[in-house]
Amino acid sequence: MVSRASFSKSNTHLFFGFGFAFPLKRFSVSSKAFKSMAVLTVAPAVSISETFNKLRKRGQVLPQLSCLVSLFSYYNPILKHGIGKFMTIIKDAGVQGLVVPDVPLEETEILRMESNKNNIELVLLTTPTTPTDQMKSIVSASDGFVYLVSSVGVTGTRTNVSARVQTLLQDIKQATSKPVAVGFGISKPEHVKQVAEWGADGVIVGSALVKLLGEGKYPEEGLKELETFTKSLKAALI
């Protein structure tokens, strides 16, 4: 219901987050398409194969989506399943992209090789503390789009977007022609409009959407608020 209500347009990318034992950061990611949005949906603490089998067989989520679907996972669950097997599982479930935030670029070679075999885009992240040379290597290796983390620390709603994001966007745009999506602290249309004016091609929104769902008196109310809110954010990108 979340997906069909709020993520049915082709310029939207939905990321599912698998249940993590050690979440260094908790956030959701946007798409490889321009002017895109996304929400993090954390799966229950079951196996990856069971989670995606349920999503696929019940016909409640993945088969009914017209948007792109990707997975957010830390490296440990991937290693536990085996990288090749993991990629096969998520590909068979209809997943098209993957974000693994706790793996440094130098250790992504096998991940990139296996993701390419399965036509899965491995999206890489760059942050305000990433050295320029490293940033250039990251954006070159990233598939689909580049995920720019707007600030250091944990995700969550913030009052303002750091003005440094404008400079970071300019630096990334000089290094690549790939779309760049900004995340961490993006929680209202004003934020979206600001980063779009600075050159962002998409935004990454997670905490604000999860908060809306949790505040609803009943599920349908939360979903309706979610749909209205995401539409306002997408409108701010235009």
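Visitor: At roughly what angle do the axes of helix α8 and helix α10 cross, and within what distance do they come?

Guide: Two packed helices are described by the angle between their axes and the distance between the axes. In this predicted model, the axes of α8 (residues 189-197) and α10 (residues 219-236) cross at roughly 25 degrees and come within 8 Å. Axes are lines fitted to C-alpha atoms, for helices over the stretch in contact, with angles from 0 to 180 degrees between N-to-C directions. Helices are DSSP runs (H or I, at least four residues), numbered from the N terminus.

Visitor: Are α8 and α10 roughly parallel or roughly antiparallel?

Guide: Angles under 35 degrees count as roughly parallel, over 145 as roughly antiparallel, 65 to 115 as roughly perpendicular and the rest as oblique. α8 and α10 are therefore roughly parallel. Their crossing is right-handed, a term used if the near helix is turned clockwise from the far one by less than a right angle.

Visitor: Which residues make the contact between α8 and α10?

Guide: P189, V192 and K193 on α8 meet F229, S232, L233 and A236 on α10, where contact means heavy atoms within 4.5 Å. These residues divide into 5 nonpolar, 1 polar and 1 charged. Nonpolar covers Ala, Val, Leu, Ile, Met, Phe, Trp, Tyr, Cys and Pro; charged covers Asp, Glu, Lys and Arg; the others, Gly among them, are polar.

Visitor: How do the axes of α6 and α7 cross?

Guide: The axes of α6 (residues 132-141) and α7 (residues 164-175) come within 10 Å and cross at roughly 60 degrees, so these two helices are oblique to each other. The crossing of α6 and α7 is right-handed. M135, K136 and V139 of α6 make the contact with D171, I172 and A175 of α7. That set holds 4 nonpolar, no polar and 2 charged residues.

Visitor: How many salt bridges does the structure hold?

Guide: A salt bridge is a side-chain nitrogen of Lys or Arg within 4 Å of a carboxyl oxygen of Asp or Glu. The structure holds 5. One of them joins E114 to K117, with the closest N and O atoms 3.5 Å apart. E114 and K117 are separated by about one helical turn, because they lie 3 residues apart in helix α5 (residues 109-117).

Visitor: What is the mean pLDDT of the protein?

Guide: pLDDT is the predictor's confidence in each residue, from 0 to 100. The mean is 77, and 71% of residues reach 70 or more. Over residues 1-10 pLDDT stays under 50, as it does over residues 21-45.

Visitor: What conventions apply?

Guide: Residues are numbered from 1 along each chain as its sequence is written, and side-chain values use heavy atoms, leaving out hydrogens and water. Local features need pLDDT of at least 70, side-chain atom pairs count only at pLDDT 80 or more, and totals for chains, interfaces and linings use all residues.
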